[in-house]
Structure formats: structure tokens, C-alpha cells
Amino acid sequence: MRDRMDGSIQRGQTAAGAATESRRPDGAPATTRSLMLAVGGWPAWSVVGGLTVLAAATTATGLSVPVPTWARYVPLAASLLVFGLPHGAVDHLAPARAAGERPTLRWLGAVGAVYLVLGGAYTGLWVIAPAAAAVFFVGLTWFHWGQGDLYALEAFGGSHLGGRAHRVATILVRGGLPMLVPLLRFPERYRAVVDAWIALFGGGADAAWVTAPAPRFTLGVGFATLTIGTLLAGWRRSGGGTGRAEWRRDAAETGLLWAFFLLVPPLLAVGVYFCVWHSLRHIARLAGVDPASTAAFEKRGALSALLRTGRDAAPLTAVSIAMITGVALFVGIDTDPRTLTALYLVFIAVLTLPHVAIVTWMDGAEGTGVSGKQ
Ligand SMILES: CC1=C(/C=C/C(C)=C/C=C/C(C)=C/C=O)C(C)(C)CCC1
Ligand SMILES: [Fe+2]
């Protein structure tokens with residue numbers, strides 16, 4: 001969908017691209033790239049890189065840094081305000097903007113209906129079959145976080161990305177890093193999180209299959225092979241010049257995330273990743289389709305663009321926090337952080353299904369992700 005021209009991204013073919021270009025004929029595609037680097041690139045690389053170096057140093061020196069139990073919950077708790085919940089709270093405006101239109105009542109109604117139907121159905125599944133709903137949630141996040149990273153790779157340049165098979169493989173690799181790699185190193189902690197989701201619904205909290213060693217070994221070897229194969233395919237396509245540099249960034253990110261999720265305890269790692277990696281990348285995407293945020297970025301920089309998107313996200317973030325607080329009070333949940341985290345994640349799960357539908361629709365409208373052509 002994007003041809004490379006003089007090192008900038010050409011988005012002419014797409015609905016959003018056409019609108020973007022007509023709004024800013026002076027090089028909007030390059031702005032998409034710098035927005036993704038400034039908002040979705042450097043902050044994520046610094047935080048995830050810093051934590052990985054720290055974790056590697058303590059592991060290598062055998063030094064044990066006791067992380068107090070409550071601290072493990074901090075990033076996930078922070079995601080209520082720090083980019084996590086807010087990144088989805090712009091869904092009512094995002095599809096219209098991705099299509100190069102103004103959000104009208106019709107758009108709002110359509111997004112509301114998607115949330116009501118899919119969110120409602122998925123809530124039902126949690127009540128009827130919590131174990132199946134839990135497995136589905138991990139699979140859904142696997143796809144969605146992979147989809148988010150594929151979009152970012154394209155925004156960075158992405159000329160090493162191939163056709164559909166390579167794109168699907170890239171989604172599987174990028175989504176599997178946060179969803180599968182923690183299981184390989186920390187099965188017990190992984191299982192505790194899944195058990196707590198199921199326990200919320202009173203079911204027998206026993207996801208014993210999570211910690212079974214044989215499938216874990218097979219999954220690990222399979223996923224490592226998929227990672228290497230996907231990177232090799234990208235390397236072959238990348239040729240020389242900027243393509244090779246883009247491939248190098250992809251490979252470095254992939255390696256970094258492998259190390260991060262192998263070294264940092266999962267609750268902490270997934271919480272940090274959700275806030276500064278996935279959510280910030282999506283916010284960079286949102287800012288890129290919103291003329292006001294893009295203008296703010298061009299004039300005053302990344303923080304200004306973030307504040308504008310934050311303003312759009314504020315009302316529905318507040319509604320979501322009120323809803324989850326209401327549910328917690330209504331069911332009289334205890335204040336054990338494990339239970340609160342489980343409730344928060346199930347709440348996120350219910351919001352994530354419609355959110356994924358919206359983002360997948362945006363991919364189609366913009367001709368990106370699996371919908372992208374080479
Ligand atoms: C916390 C945690 C887990 C799952 C988290 C999930 C599934 C989060 C999903 C968040 C979403 C979808 C946000 C919206 O984009 C695991 C990997 C089971 C175990 C380790 C700790
Ligand atoms: Fe998302």
C-alpha cells in the first residue's frame with residue numbers, strides 16, 4: 001500500500017492517505033513516520049531497553065533485587081490513566097478519521113453498536129464459560145498486539161515486509177512476544193493470573209494445562225523457529241539501503257522483546273508493555289489521522305500531540321473508570337490486588353473485543369496490516 005519515495009512513506013492509495021495528503025500536501029507521510037518514532041518508538045525503546053538491561057544485570061550478577069509485591073501491580077494499575085485504557089477511549093472518533101471523514105452521529109452510533117453487541121456477547125461468554133473466555137482473551141490479545149506492531153513497522157518504513165503470509169507471520173511473532181514468551185520462563189506466575197480470571201466467576205480455578213512442561217517446550221521451540229524464519233524472510237526482501245535499516249530495527253525490537261519477556265517478571269513486563277509499547281503506538285497512529293493532533297505535533301512536538309489525543313480520550317476514560325469502580329462496588333469485590341487485577345483485566349477483555357474490531361476495520365480502510373499490499 002505504500003511505495004517508498006525518497007525515504008518517506010507514500011500513502012496515496014488509501015482512503016486516509018488521500019485525505020491526509022489533501023489536507024497537508026507538504027509531506028504528511030514523513031510526519032506519520034516521525035510521529036511513530038517520537039511517540040511509539042523512542043519512549044518504548046528506552047523504558048523496555050532500560051528494564052531489560054537492569055534485569056539482565058541482576059540475573060548475570062546473581063544479585064536479587066526484591067521487587068515488593070505491590071510494585072508488580074503498579075504498571076497495570078497505571079494503565080488506567082497512562083495510555084492503556086485511554087488508547088481505546090478514542091475508538092468513537094478513530095474510524096471516521098481513518099476514513100478521512102469527520103466523526104458524525106452515524107459514526108458514533110456504529111461504534112457504539114459494535115461495543116454493545118461484541119462487548120455484551122463476550123461478557124456472556126465470561127459468565128458461561130470463563131476458562132474458554134480466558135483462552136480466547138490471550139488469543140485475541142496475541143492477534144491485537146501483533147496487529148499494532150505490524151502497523152508501527154509499516155509506519156517506520158516497512159519496505160522489508162512481504163505479502164500476506166509474511167504479514168500474518170509478523171503478527172504472530174509480535175503478538176506472541178508478550179503473550180507466549182512470559183509463559184516459557186514464568187509458567188507459575190502466568191497461571192496465577194489466568195486462574196484469578198476464572199476464579200472471579202466462581203469456576204474451579206485450575207488452568208493446570210498452562211504449566212504442563214511438554215506443550216510449553218514445543219511451543220517455545222516452535223515460536224523461536226517462527227521468529228527466526230520470519231526475520232530471515234524479511235532480511236531476504238530488504239535488499240540494501242533503507243530496507244536493510246528497517247529490517248535491522250525490526251530484528252532489534254524482536255530481540256529486545258524476547259529478552260524483556262524472558263527476564264522481567266510477567267505482571268510487571270506485560271503492564272509496562274501495555275502502557276508504553278502497544279498503547280503509545282496506537283496513540284501515534286490516532287494522532288496521525290487527526291489533523292489537529294498532527295498539526296500540534298508539527299508545531300510543538302510529541303507532547304503536544306499526546307495532550308490533544310488525551311483530550312479526546314478523557315471523557316470515555318472517565319466513563320470506563322466509573323464503570324469498573326461501579327462493578328467492583330456492586331459485586332463487593334475484595335481489595336486483594338490479585339482480585340482487583342483480575343477484575344480489571346476481564347473488564348479490559350470485554351472492551352478489547354470491540355476495540356479489535358474497530359482497529360481491524362481501520363486497517364482495512366487505510367490498507368495497512370493484513371490488509372496491506374506490498
Ligand atoms: C497480565 C498478564 C497476562 C495477560 C494480560 C493480557 C491478556 C492483557 C491484555 C490487555 C489488552 C488486550 C489491552 C488492550 O489492548 C498473561 C500474559 C496472561 C500472564 C502474565 C500477566
Ligand atoms: Fe489496542
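Visitor: What makes up the shell around ligand 1 by class, nonpolar, polar or charged residues?

Guide: In this predicted model, the shell has 13 nonpolar residues, four polar residues and no charged ones. Since Asp, Glu, Lys and Arg are the residues that count as charged, none of these four kinds belongs to the shell.

Visitor: How many residues surround ligand 1, and which are the closest?

Guide: There are 17 residues around ligand 1, and the closest are Thr141, Val193, Pro266, Val270 and Thr352. A residue counts here if its C-beta atom lies within 6 Å of the ligand. The elements that contribute two or more residues are helix H8 (130–156), helix H11 (187–200), helix H14 (266–289) and helix H17 (337–366), and H14 gives the largest share, five residues.

Visitor: Why is His87 called buried?

Guide: The cut-off for a buried residue is 20 or more other C-beta atoms within 10 Å, and His87 has 26 such neighbours, so His87 counts as buried. His87 is found in helix H5 (residues 84–88) and, once residues up to four places away in sequence are set aside, touches Ser279, His282 and Ile283.

Visitor: How do you know that His282 is buried?

Guide: The same test applies to His282, which has 28 other C-beta atoms within 10 Å and therefore passes the cut-off of 20. His282 lies in helix H14, and apart from its neighbours within four places in sequence it is in contact with His87 and Gly148.

Visitor: How do you know that the span of H8 agrees with its number of residues?

Guide: At 1.5 Å a residue, the 27 residues of H8 should span 39 Å, and since the end C-alpha atoms are 38 Å apart, the two values agree. After H8 comes Gly157, whose phi is positive, near 150 degrees.

Visitor: What span does helix H9 (residues 164–179) reach from its first C-alpha to its last, and what is expected?

Guide: Helix H9 has 16 residues and reaches 22 Å, close to the 22 Å expected at 1.5 Å a residue. Its buried residues, including Arg167, Ile171, Val173, Arg174, Leu177 and Met179, pack against H8, helix H10 (181–185), helix H12 (213–238), helix H13 (241–263) and H14.

Visitor: Why is Val173 called buried?

Guide: Val173, a residue of helix H9, has 24 other C-beta atoms within 10 Å, which meets the cut-off of 20 or more, so the word buried applies. Leaving aside neighbours within four places in sequence, Val173 is in contact with Leu226, Thr227, Thr230 and Thr254. Val173 and Phe143 are 30 residues apart in sequence, and their C-alpha atoms are 9.5 Å apart in space.

Visitor: How do you know that the radius of gyration of the protein chain agrees with that of a compact globule?

Guide: For 374 residues, a compact globule would have a radius of gyration near 21 Å, and because the protein chain has 20 Å, the value agrees. The C-alpha trace spans about 60 × 50 × 35 Å along its principal axes, and the chain holds 17 helices and two strands. Buried residues make up 42% of the 374 residues. Among contacts with a separation of 6 or more, 75% join residues 24 or more positions apart.

Visitor: What share of residues 313–333 is helix, and what share is strand?

Guide: Residues 313–333, one of the spans that the unreviewed UniProt entry lists as "transmembrane region", are 86% helix and 0% strand, with end C-alpha atoms 27 Å apart.

Notes: Residues numbered from 1 in each chain as written. Chains lettered and ligands numbered in written order. Predicted model: local features only at pLDDT ≥ 70, side-chain atom pairs only at ≥ 80, totals over all residues. Helix = DSSP H or I, 4+ residues; strand = E, 2+ residues; numbered from the N terminus. Buried ≥ 20, exposed ≤ 12 C-beta atoms within 10 Å, placed from the backbone. Contact = placed C-beta atoms within 7 Å. Expected span 1.5 Å × (residues − 1). Rg over C-alpha atoms; globule rule 2.2 N^0.38 Å. UniProt positions renumbered as here; feature names shortened; annotations may be inferred.
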